[in-house]
Amino acid sequence: MQDTILALSTPVGGALAVVRLSGPKTKEILGRVFSGSAEHRAVNYGKLSDEDGMIDRVTCVYYAAPQSYTGEDMAEITTHGGQAVVRRAMAALLAAGARMAGPGELTRRAFINGKLDLTQAEAVMDLIDASAERGARAAAEQLEGSVSRSVNAVADALLDALSGINAAIDYPDELEEDVTSALPATLSRAKSELREMIEGGLRGRVVREGARLVLLGRTNAGKSSLMNALLGRERAIVTQYEGTTRDVLYEETEFSGLPVVLTDTAGLRETLDPVEGIGVSLARDAAKRADLLLLTFDCSRALDEQDAKLLEETKHLPRVALLSKSDLPPVLSAEELFARTGLEVFVVSAATGDGVNELKRAVAERLLPEEEQPLVTNARHIEALLDAKNALEGALVAQDLDCMATDIRAALIALNSITGHEVDEAVLERIFSRFCVGK
């Protein structure tokens with residue numbers, strides 16, 4: 001890391017642009033192009049110039065190592081955001097001795113220099129990518145070390161257990177009985193804590209990727225109108241004709257802080273139209289992948305055989321019932337729908353908006369994980385937690401201390417890969433390749 005790297009950390013074309021420098025020659029490079037001082041952690045004002053003259057009047061904040069994001073000497077220069085200004089400023093800094101940073105190289109240096117562990121480094125990108133409030137909050141908590149603390153607590157307990165086993169192997173007459181009697185409780189407790197993190201992580205997937213909600217029902221049940229009402233804009237085509245929707249429509253939105261992938265589907269019915277038949281097949285496929293089905297029933301029509309078939313097909317899937325078109329004279333009541341289905345029923349009207357916000361809040365409350373526990377949302381972390389739990393299951397049934405120690409070491413390797421204490425270069429490359437250049 002002897003190079004001093006340069007990255008643009010804001011989109012081009014805004015009112016302002018922020019350019020970052022990091023590395024051992026940061027102060028030297030500033031001295032060549034910036035007329036102001038380089039006082040540590042102060043907003044310094046001056047001219048940014050190249051050999052052709054002044055480029056812009058800028059502010060520059062200089063951070064002396066190790067008190068910076070990367071742990072190196074670092075500077076953040078704020079220029080006006082015009083493309084010509086930014087291009088010329090970047091060219092001047094490159095000519096003064098910097099090189100362009102690669103994707104995620106700034107955060108990677110922060111990890112290597114011990115400013116962040118690997119879970120915190122990954123949280124930086126999750127915070128940038130977060131599309132909804134709960135996802136942003138989970139990423140911020142991870143950046144503050146919530147996941148690391150939970151993982152390290154289990155790892156510390158396993159390390160203590162492993163130390164005891166090693167001592168018992170070396171001094172079997174004095175220590176083996178005491179060590180072996182305490183191990184089952186220690187390993188069981190660690191396994192239980194891992195299981196809780198895994199279960200919370202599987203629920204927490206919706207925070208990172210968005211909950212998959214699928215509107216499903218017979219033709220003209222009001223699914224497309226509800227899609228538009230839930231989005232707050234016209235997305236699906238709505239007509240009085242049955243079979244208007246023939247494809248699967250996906251749209252990302254947010255329900256009370258929950259990121260959502262909302263899906264409208266073709267009405268379910270028997271049809272000889274091959275195109276509509278494909279749409280019906282796609283609707284059934286989407287239903288199987290849903291985190292929650294929004295089964296839609298028209299309150300102005302009685303339940304029929306197609307509704308009964310829908311209920312039978314989805315009986316093993318997570319679902320709620322929507323009683324749509326509540327602005328029309330009712331034929332089917334919420335009480336009857338509940339009695340016939342046993343499902344939680346929401347009465348809604350796309351035309352008036354009645355019940356739409358209540359539905360959003362209820363879905364978010366149902367699918368968002370509890371906020372008290374650290375939320376593991378990263379698929380890599382969940383996979384490593386599963387590996388660690390499986391290793392502990394092996395340790396609990398091991399026939400001798402040597403085999404038990406081997407399994408505990410495997411669990412520790414898996415846990416340490418989460419925080420970055422033991423992680424190979426290929427994993428780091430894969431993680432930081434997701435980052436934008438400016439981070």
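In this predicted model, the bridge partner of Asp 298 is Ser 324, which lies in strand 11. Strand 10 (residues 292-298) and strand 11 (residues 319-324) run parallel and are joined by six bridges. There is an open sheet of six strands with mixed pairing, in the order 8-9-7-10-11-12. Its edge strands, strand 8 (249-255) and strand 12 (345-347), each pair on one side only, and the twist from one strand to the next averages 25°.

| Helix | Strands it lies across | Angle to strand 10 |
|---|---|---|
| Helix 10 (residues 305-313) | strand 7, strand 10, strand 11 | about 170° |
| Helix 12 (residues 356-367) | strand 7, strand 8, strand 9, strand 10, strand 11, strand 12 | about 150° |

A helix pair comes next. The axes of helix 13 (residues 379-396) and helix 14 (residues 401-419) come within 8 Å and cross at roughly 170°, which makes helix 13 roughly antiparallel to helix 14. Among the residues that meet are Ala 384, Leu 385 and Ala 388 in helix 13, and Ile 408, Ala 411 and Leu 415 in helix 14. The residues of this contact divide into 13 nonpolar, three polar and three charged.

Helix 4 (residues 118-129) has twelve residues, which at 1.5 Å a residue should span 16 Å, and this agrees with the 17 Å between its end C-alpha atoms. Nine of the twelve residues of helix 4 are buried, so this helix is largely enclosed by the rest of the structure. The buried residues of helix 4 include Leu 118, Val 124 and Met 125, as well as Gln 120, Glu 122 and Asp 126.

How values were computed. Residues numbered from 1 in each chain as written. Predicted model: local features only at pLDDT ≥ 70, side-chain atom pairs only at ≥ 80, totals over all residues. Heavy atoms only, no water. Axes fitted to C-alpha atoms, helices over the stretch in contact; angles between N-to-C directions. Helix = DSSP H or I, 4+ residues; strand = E, 2+ residues; numbered from the N terminus. Parallel < 35°, antiparallel > 145°, perpendicular 65-115°, else oblique. Contact = heavy atoms within 4.5 Å. Nonpolar A, V, L, I, M, F, W, Y, C, P; charged D, E, K, R; others polar. Expected span 1.5 Å × (residues − 1). Buried < 20%, exposed > 50% of the residue type's maximum accessible area, 1.4 Å probe, protein only. Pairing = 2+ DSSP bridges.
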